[in-house]
Amino acid sequence: MRVLETYIVAGLTGLLFYHLHSPIPWMLGAITGMLLWKTVVKRKVAAPKALSNSGLIVLGTYFGLSFTKETLATIAPYIVPFLAVAVLLIAINILNSIAVTKWTHIDKVTSVFASVPGGLSEMVAASESLNANTALVTIFQTIRLLTVVFLVPSIVVYWLNGNAAASSATAQAAAASSDGHYAWFLLSIFGALLLRNVIPAAYVVGPLAVTAAMHVFGVNLPSLPAWLIILAQISVGMNMGNRITLEDIKLGGKFGWVYFLLALVLIALSFGCGYLFAKLTNLPLATALLSLAPGGLVEMVLTAQTVGGDPAIVSSLQFVRFLLVIIVVPNVLKWVFRKFPSMAETS
């Protein structure tokens, strides 16, 4: 009953956001609903991780349906310049996070891992191995996450005059057919389960990769019903909202606003680089912006569908950025801080 109550609350707030013409309304609405239900109404919520993982599998499969052979040919020339820009953005963000330690007196290791645009759990785990203040890393990463998830889709939608009322859940992959067999998607589920202990975000990356591969090689796949995409977004949003509490954000104290500003600076820089990326290539502005935006893969691809960007290209380039941030950056930072201990000292 608690799970049902949580779904009702998340669904109703998602519906409200939909009628308010919010970008990615079902996910943002669910996050907001969870926060309000916990803090204002003081009711417990139940958002089992299994339901969120199931939602990610559905969304990963949905994104994979947009891939074609042309997608691979399109992104190939952009990988190197994209990586160069992505590395530049991350480097500037790290330098900014070190610079603010002169005023916050937070140690540099904590500050860096608190602001790097990566997965919250991955950044906390990496910072813990270097004896950083993991509580502050969690709090400031939460502030960054909320800032990016709510601001980036809104800015992109209204900057590009996209129709925010058009739910991304109703935008089916054009190449998917209605006569394909749903049994093929068992392979997508298998991809998630196979990679769940191998790579981060396996529940979205695995199905995306398997579905894309099947689609590229000509397997006749059916389209997914709109209600299932909406339910998946609500399930993922419920879990995100359940993991975030206003109490945690308040614990950031007087320095919370510093990392909020760092997130704003990173968003502005990514938009500037995205605009330049669009000018230097033949990519549409929406696609270029969302490919470099420091948000989650799921949120950015859903936003791309809302504003008419290419979800296949956005998901491909975001996946490259994701691997860079999750796998390469933490290991490089750990090496640097261990090689040069003086850099980890508090300013």
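**Exercise 1.** Determine which helix supplies the largest share of the lining of the largest cavity.

*Solution.* Step 1. The model is predicted, so local features need pLDDT of at least 70 and side-chain atom pairs count only at pLDDT 80 or more, whereas totals for chains, interfaces and linings use all residues. Residues are numbered from 1 along each chain as its sequence is written, and side-chain values use heavy atoms, with hydrogens and water left out.

Step 1. A cavity is a set of points, on a 1 Å grid over the protein atoms alone, where a 1.4 Å probe fits but cannot get out; lining residues have an atom within 4 Å of a point. The lining of the largest cavity consists of Ala86, Leu89, Ile90, Pro117, Leu266, Ser270, Leu292, Pro294, Arg321 and Val325.

Step 2. Helices are DSSP runs (H or I, at least four residues), numbered from the N terminus. At least two lining residues come from each of H5 (79-99), H14 (256-280) and H17 (311-339). The largest share, 3 residues, belongs to H5.

**Exercise 2.** State the volume of the largest cavity and classify its lining.

*Solution.* Step 1. With grid points joined across faces, edges and corners, a volume is the space filled by probe spheres set on the points. For the largest cavity this gives about 80 Å³.

Step 1. Ala, Val, Leu, Ile, Met, Phe, Trp, Tyr, Cys and Pro count as nonpolar, Asp, Glu, Lys and Arg as charged, and the others, Gly among them, as polar. The lining accordingly has 8 nonpolar, 1 polar and 1 charged residues.

**Exercise 3.** Describe the second largest cavity.

**Exercise 4.** How are H5 and H14 oriented to each other?

*Solution.* Step 1. Axes are lines fitted to C-alpha atoms, for helices over the stretch in contact (heavy atoms within 4.5 Å), and angles run from 0 to 180 degrees between N-to-C directions. The axes of H5 and H14 come within 10 Å and cross at roughly 160°.

Step 1. H5 and H14 are therefore roughly antiparallel (angles over 145 degrees).

Terms used: On a 1 Å grid over the protein atoms alone, a cavity is a set of points where a 1.4 Å probe fits but cannot get out, and a pocket is an open set with protein on both sides within 12 Å along at least five of seven lines; lining residues have an atom within 4 Å of a point. Angles under 35 degrees count as roughly parallel, over 145 as roughly antiparallel, 65 to 115 as roughly perpendicular and the rest as oblique.
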